[in-house]
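Please read it with the sequence and the coordinates open.

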Amino acid sequence: MQEISNEELFVAIDLEHGGRISSLKWRGFEFALPKREDPMTWGWFGMVPWAGRINLGLIADSDGTEYLLPTHWDPPHAEHGYGFHSQWKATGANTSELALPEPYAPAIARQKFELEGNSMTWTLEYEANGCTLPAWVGFHPWFPRSIDGVDRLELHFHAEKMLVRGDDYMPTGEYTSMPQGPWDDAFTEVKGDPIISWGDLAQVRISSSAPWWVVYSEDPLAICVEPQTAPPDAAN
């Protein structure tokens with residue numbers, strides 16, 4: 001476990017369970033959903049070497065050789081990469097890395113956490129090291145709907161485009177305008193930074209250079225706002 005803190009924030013990173021933020025506290029209030037049985041459903045974790053679902057778990061390298069990725073987390077698709085269910089190795093007080101398994105070996109994922117005031121910067125990097133499989137990354141924070149008895153969570157989020165999702169939960173390649181939620185969908189051309197608020201108690205603003213965002217709001221206990229460098233199933 002890595003722990004970093006300043007006068008405003010306390011962050012615990014659980015290297016054994018996916019290198020994820022298992023606790024993020026501001027003024028004693030907890031902003032990371034506590035541990036649940038499914039490793040995809042708690043804390044804040046990095047998605048690497050892919051983010052979201054890959055259709056039927058099939059992906060091809062630059063030579064056209066096709067590989068089957070693990071699909072047991074969300075059959076029949078591969079979801080969220082290897083990072084969230086792997087043990088990461090500490091490389092410093094606030095840094096860690098993961099040597100990715102086949103077929104992505106010898107690629108490496110690295111992450112870094114930095115605190116300044118009431119802000120945290122989370123950096124996730126992918127180094128191919130000769131691996132020619134497509135890769136894209138993202139962050140998957142689970143925000144609890146209720147904090148300290150305040151359960152009036154509001155999401156301020158607006159995007160110009162949403163990928164149409166088929167019955168198989170895969171993007172069809174077509175776009176539509178943003179409908180009313182709940183969502184399990186990918187968006188682009190987002191206007192401004194997404195903001196999550198809990199009444200007058202607290203507000204979280206998420207900034208990212210990534211052009212894609214997935215919002216998942218179907219869970220009764222939490223909501224996810226996930227910046228990604230590419231949409232789900234981007235390689236296909």
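A residue counts as buried when its relative accessible area is under 20%, as exposed when that area is over 50%, and as partly exposed in between. By that cut-off Ile223, at 4% relative accessibility, is buried. The model discussed here is predicted, and the points below take up an open sheet of 4 strands, several of the 10 salt bridges that the structure holds, and the surroundings of Ile223 and Cys131.

**The four-stranded sheet**

- The strands of this open sheet follow the order β10-β11-β12-β13, and their pairing is antiparallel.
- Because β10 (89-90) and β13 (119-127) stand at the edges and each has a single partner strand, one side of each is left without a neighbour in the sheet.
- Strand β10 is joined to β11 (residues 95-99) by 2 bridges, and these two strands run antiparallel.
- Within this pairing, Ala90 has Ser96 of β11 as its bridge partner.

- Glu97 and Arg110 meet through their side chains in a salt bridge, with an N to O distance of 3.4 Å; the pair links distant parts of the chain, since Glu97 belongs to strand β11 and Arg110 to strand β12 (residues 108-116), 13 residues apart.
- Arg110 also forms a salt bridge with the side chain of Glu127, at 2.4 Å from N to O; because Arg110 lies in strand β12 and Glu127 in strand β13, this pair ties together parts that are 17 residues apart in sequence.
- Each of the residues in these two pairs is partly exposed, with a relative accessible area of 22% for Glu97, 28% for Arg110 and 32% for Glu127.

**Other salt bridges**

- A further salt bridge brings together the side chains of Asp219 and Arg36, at 3.0 Å from N to O, and this pair links distant parts of the chain, with Asp219 in the loop between β21 (212-216) and β22 (222-228) and Arg36 in the loop between β4 (29-30) and β5 (44-47), 183 residues apart.
- The two partners fall into separate accessibility classes, as Asp219 is buried with a relative accessible area of 11%, whereas Arg36 is partly exposed with a relative accessible area of 23%.
- A network of salt bridges links Arg53, Asp74, Glu79 and Asp184.

**The surroundings of Ile223**

- Ile223, which is found in strand β22, is buried at 4% relative accessibility.
- Leaving aside neighbours within four places in sequence, Ile223 is in contact with Pro141, Trp142, Phe143, Arg145, Leu153, Leu155, Ile196, Tyr216 and Ser217.

**The surroundings of Cys131**

- Cys131 has its place in the loop between β13 and β14 (138-144), and with a relative accessible area of 11% this cysteine is buried.
- When residues up to four places away in sequence are not counted, Cys131 touches Pro103, Tyr104, Ala107 and Tyr126.

How values were computed
Residues are numbered from 1 along each chain as its sequence is written. This is a predicted model: local features need pLDDT of at least 70, side-chain atom pairs count only at pLDDT 80 or more; totals for chains, interfaces and linings use all residues. Side-chain values use heavy atoms; hydrogens and water are left out. Two strands pair if DSSP finds at least two bridges between them. A salt bridge is a side-chain nitrogen of Lys or Arg within 4 Å of a carboxyl oxygen of Asp or Glu. Buried means under 20% relative accessible area, exposed over 50%, partly exposed in between (1.4 Å probe, protein chains only). Contact means heavy atoms within 4.5 Å.
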